[in-house]
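Trainee: I have a structure to read. Can we go through some of its labels together?

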Amino acid sequence: MWSCTQLVTQLKDMGIQQGDTLLMHTSLRSLGDVRDRSATLLNAVLNVIGVEGTLMVPTFTASCADSTENMTDESERNALRMLTPSFNRKTSPSDVHLTGYFSEEVRNHAGSKRSDHPIYSFASIGAQAEFLTQSTPLSYPLGSSGPLHKLHQLDGKVLLVGVDQTVNISLRLAEIWAKCPYIHRSIEVKSADNRWVKVEGVLQCRTGFERITPLLRNSRIMKTGRLGDADCYIMSHRMLVSMGVAMLAGDPSAILCRNESCSSCIQARKMCRETTV
Ligand SMILES: [Zn+2]
């Protein structure tokens with residue numbers, strides 16, 4: 001069984017240190033045998049980054065978005081839209097199938113701050129938590145002036161624990177800054193005051209994010225490590241975004257997936273072709 005002390009040593013071995021600002025994406029199960037996994041992991045991380053450090057995790061709430069876009073029956077559509085929950089910064093749980101249970105541990109921690117975007121909120125603990133989570137723009141929430149841009153300003157790090165690049169939403173900032181033709185797609189979401197509002201610049205398929213892995217490995221921007229039993233990847237957020245922007249400047253469809261049944265990426269690739277012609 002892995003102890004908190006052992007996790008602390010492993011985090012330090014990966015280069016995480018006092019004062020770091022850290023965005024984490026975590027599969028708790030991948031840690032292996034750890035008592036009270038989420039609480040022990042949080043203790044270990046906060047111990048390593050210290051009071052000057054800051055931890056941030058996604059607490060996304062896709063359940064607050066309209067899921068009826070492709071429904072043709074108007075009454076069924078209206079019924080489902082009625083049942084869609086409105087976002088509440090204090091009480092709306094993260095969609096743990098998207099963000100993992102560790103996001104809930106951070107969100108529920110005393111002193112945790114949460115940004116107020118109806119679908120793309122983040123929870124944060126530590127010295128820069130207030131800065132990272134204040135006033136996210138409603139549209140392009142993962143772009144300029146949002147939490148990922150602020151993480152960039154703070155020269156933060158990204159830590160993937162037992163997960164791959166497909167969850168690494170920092171690449172969304174690269175897509176926006178590279179002005180990829182497909183970044184403007186929108187969705188309706190139910191905001192805190194129970195109103196439907198349009199959010200432009202929403203994230204779609206992320207399967208293709210994995211295509212940046214060889215570049216990150218070869219350029220040594222991404223280092224590997226272990227936490228408990230989990231394989232981990234650690235990288236500078238700034239260097240990751242710069243690499244993403246450079247890759248997309250050469251080919252705006254570079255991090256779209258190649259799955260022939262992925263309508264989202266097929267549509268996005270078409271937008272890329274039409275823009276370059
Ligand atoms: Zn796709």
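Trainee: Where does arginine 220 lie?

Mentor: Arginine 220 lies in the loop between helix H9 (213-218) and strand S8 (222-227). Helices (H or I, at least four residues) and strands (E, at least two) are DSSP runs, numbered from the N terminus. The model is predicted: local features need pLDDT of at least 70, side-chain atom pairs count only at pLDDT 80 or more, and totals for chains, interfaces and linings use all residues. Residues are numbered from 1 along each chain as its sequence is written, and side-chain values use heavy atoms, leaving out hydrogens and water.

Trainee: Why is arginine 220 called exposed?

Mentor: Exposed means over 50% relative accessible area, buried under 20%, partly exposed in between (1.4 Å probe, protein chains only). Arginine 220 has 69%, so the word is exposed.

Trainee: What is the phi of arginine 220?

Mentor: Phi is near 65 degrees, a positive value in a residue other than glycine. Asparagine 194 also has a positive phi, about 70 degrees, and is not a glycine. Asparagine 194 sits in the loop between strand S6 (186-190) and strand S7 (196-200).

Trainee: What makes S3 and strand S4 (residues 122-126) a pair?

Mentor: Two strands pair if DSSP finds at least two bridges between them. S3 and S4 have 2 bridges, so they pair; they run antiparallel. Lysine 113 has serine 124 in S4 as its bridge partner.

Trainee: In what order do the strands of the open sheet come?

Mentor: The 7 strands run S3-S4-S2-S1-S5-S9-S8, with mixed pairing.

Trainee: Why do strand S3 (113-114) and S8 stand at the edges?

Mentor: Each has a single partner strand, so one side of each is left without a neighbour in the sheet.
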